[in-house]
Amino acid sequence: MQPERDGCGYIKRLSRFCTPSSSQHFRLLSDTLMAIMGKGKWKGKEQRPDDTVMNPAEVQPNDLIIPVMGPSGAGKSTFINTVVRQPDATLVGHDLESCTAKIKHVICANPKNPGQRVVFVDTPGFDDTYEDDSEILRRIAVWLARSYSDDRTVAGVVYLHEITQTRMLGTSRKNLTMFQKLCGDEGLKNVILVTTKWTSLPDENSGVKREEQLKNTFWKDMIDQGSKIARFHDTCESAWDIVEPILKEDQSTVLHIQKELVELKKFLPQTEAGNALRSTLSDLVETHKKTISQLRSEKGGQGNEELHEKLRDTEKELHALLKQVQELKVPLGARVRSWFGFH
């Protein structure tokens with residue numbers, strides 16, 4: 001009899017011996033076996049026909065891929081335009097609206113080593129003006145999964161943070177949390193944490209204090225995992241100095257989201273990033289429900305149009321949040337199929 005060569009067959013047979021008390025061990029064994037079987041071609045249902053992905057024909061095997069991530073307004077597009085010496089390589093936002101809704105990549109030669117090509121990837125932040133956070137996660141996850149499935153691995157990641165921020169706002173915290181979940185502990189050793197917009201500070205000392213706060217609190221765990229710190233001074237030379245540690249290493253890394261989707265064949269909502277975003281959105285849902293209840297109790301007379309408008313806006317936001325939470329839920333049938341190794 002021919003042996004079963006696919007992971008599904010092995011896992012299906014093993015499931016016969018699984019009891020409720022051993023379910024956790026079975027899940028661990030399932031994930032391990034799926035990783036051993038190899039990644040294969042990713043066929044995730046999260047993909048859509050209009051997704052922006054790399055054309056395999058334009059990328060060479062030795063190209064170094066560097067995604068640039070961070071909140072909207074941190075200067076991701078500016079950083080890439082500066083590093084490739086093309087002012088319009090990617091759109092730059094100069095107001096409160098974000099410009100990078102879809103993922104775009106730019107290929108250029110390393111000026112210190114012209115034979116080495118670098119692919120810089122411009123990604124949207126998780127506070128985009130026009131797209132929901134769940135859609136931003138899907139786009140980033142699909143791009144990373146597709147590139148990894150096509151044997152295009154990431155050399156390192158640049159994460160940007162605006163040094164002019166006096167406090168670590170909610171959107172910045174959310175972006176940082178999602179970034180950590182996307183990378184995973186193993187991926188953090190190839191991360192450069194970059195502060196931007198130093199020239200916009202009233203004095204450098206204030207920026208130095210904020211930088212120390214980032215290093216000692218919000219970035220501490222990442223630094224302990226091997227992430228490096230740098231400052232972007234709005235010049236091409238500064239940009240290349242920032243990515244130099246990644247280029248010197250000349251070794252690729254597999255981000256956690258790539259392993260989860262391609263190797264372990266998880267659905268996006270099952271990933272750590274998906275779980276984290278769903279939890280954040282669920283908290284926002286509860287906050288909005290409380291706000292709506294309070295507004296309804298305060299609404300009083302029909303003449304308070306401002307209160308009515310605020311109530312309508314909050315209800316609209318609640319509807320959008322509930323939609324995102326629903327999108328990040330795995331259907332029961334899909335969970336059962338995934339549990340027994342059927343993908």
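Q: What makes strands β5 and β6 a pair, and how do they run?
A: In this predicted model, four bridges join β5 (residues 191–196) to β6, and the two run parallel. Pairing requires at least two bridges between the strands, so the term applies. Within this pair, Leu 193 stands opposite Ile 229 of β6.

Q: Which strands are called edge strands, and why?
A: The open sheet has six strands in the order β2-β3-β1-β4-β5-β6, with mixed pairing. Strands β2 (104–110) and β6 (228–231) each pair on one side only, and they are the edge strands. From one strand to the next, the twist averages 25°.

Q: What makes helix α8 a helix that packs on the sheet?
A: Contact means heavy atoms within 4.5 Å, and α8 (residues 236–249) touches β1, β2, β3 (113–122), β4, β5 and β6. The direction of α8 makes about 100° with that of β3.

Q: How does the reach of α8 stand against the expected span?
A: The 14 residues of α8 reach 20 Å from the first C-alpha to the last, close to the 20 Å expected at 1.5 Å a residue.

Q: Where in α8 does a kink lie?
A: The kink, of about 45°, lies at Val 243, shortly before the proline Pro 245.

Q: Why are residues such as Trp 240 and Val 243 of α8 called buried?
A: The term means under 20% relative accessible area. Among the residues of α8 that are buried are Trp 240, Ile 242, Val 243 and Ile 246.

Technical notes: Residues are numbered from 1 along each chain as its sequence is written. This is a predicted model: local features need pLDDT of at least 70, side-chain atom pairs count only at pLDDT 80 or more; totals for chains, interfaces and linings use all residues. Side-chain values use heavy atoms; hydrogens and water are left out. Axes are lines fitted to C-alpha atoms, for helices over the stretch in contact, and angles run from 0 to 180 degrees between N-to-C directions. The expected span of a helix is 1.5 Å times one less than its number of residues. The bend at a residue is the angle between axes fitted to the seven residues ending there and the seven starting there. Buried means under 20% relative accessible area, exposed over 50%, partly exposed in between (1.4 Å probe, protein chains only).
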